[in-house]
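Reader: I am new to this structure. Could you take me through its charges and contacts?

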Amino acid sequence: MNEKTEMMADMIKELACLLIEQNDKLTLEQALATVFNSEIYGKVMNERTSFYTQSPRYVFSFLDEELKKGKLG
C-alpha cells in the first residue's frame, strides 16, 4: 500500500469512528457502510480533491452535512 492509499484508508476509518462517536448505536460495519455509500467517500478517494490530507473532523463536517441534507452543498 502506498502512502496516499494508506492516508485514504485512515481517513475512512476515522470518519467511521466519528460516526460511531456521534451515534453510539451504530456498529462499525454500519458506520463503514455509511461512509462507503456517501459522496464524501468518492472525494476522499480522489487524489485531486486532497480530502485525504485534511483533518478528519473537517472532512466529517461535510459527511455530516451530506447525511443531514441528503447531498452536499
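What follows is a short exchange about this predicted model.

Reader: How many salt bridges does a search of the whole structure find?
Author: A salt bridge needs a side-chain nitrogen of Lys or Arg within 4 Å of a carboxyl oxygen of Asp or Glu. The whole structure was searched for such pairs, and the count is three.

Reader: Which residue forms a salt bridge with Glu-47?
Author: Glu-47 sits in the loop between α3 and α4 (56–69). Its partner is in helix α1, 43 residues apart from it, so the pair links distant parts of the chain. The closest N and O atoms are 3.2 Å apart, and the partner is Lys-4.

Reader: Is Lys-4 buried, partly exposed or exposed?
Author: Buried means under 20% relative accessible area, and exposed means over 50%. Lys-4 has a relative accessible area of 37%, so Lys-4 is partly exposed.

Reader: And Glu-47: buried, partly exposed or exposed?
Author: The cut-offs are again under 20% for buried and over 50% for exposed. Glu-47 has a relative accessible area of 43%, so Glu-47 is partly exposed.

Reader: How many residues apart are Arg-57 and Glu-21?
Author: The side chains of Arg-57 and Glu-21 meet in a salt bridge, 3.1 Å from N to O. Arg-57 is in helix α4 and Glu-21 in helix α1. This pair links distant parts of the chain, and the gap is 36 residues. Both residues are exposed, and their separation in the chain is 36 residues.

Reader: What separates Asp-64 and Lys-68 along helix α4?
Author: Their side chains meet in a salt bridge, 3.0 Å from N to O. The two are four residues apart in helix α4, so the separation is about one helical turn.

Reader: Where is Glu-14, and what patch does Glu-14 belong to?
Author: Glu-14 lies in helix α1 (residues 3–22). Its relative accessible area is 32%, so Glu-14 is partly exposed. Glu-14 gathers with Glu-3, Glu-6 and Asp-10 on the surface, in a patch of negative charge.

Reader: Leaving aside neighbours within four places in sequence, which residues is Ser-38 in contact with?
Author: Ser-38 is in the loop between α2 (28–36) and α3 (39–45). Its relative accessible area is 9%, so Ser-38 is buried. With those neighbours left aside, its contacts are Leu-63 and Glu-66.

Notes: Residues numbered from 1 in each chain as written. Predicted model: local features only at pLDDT ≥ 70, side-chain atom pairs only at ≥ 80, totals over all residues. Heavy atoms only, no water. Patch = residues over 30% accessible without salt bridge, like charges linked within 9 Å, V, L, I, M, F, W, Y side chains within 5 Å. Areas by Shrake-Rupley, 256 points an atom, 1.4 Å probe, with all protein chains shown as cover. Lys, Arg positive; Asp, Glu negative; His and termini not counted. Charge placed at Lys NZ, Arg CZ, Asp CG, Glu CD. Buried < 20%, exposed > 50% of the residue type's maximum accessible area, 1.4 Å probe, protein only. Contact = heavy atoms within 4.5 Å.
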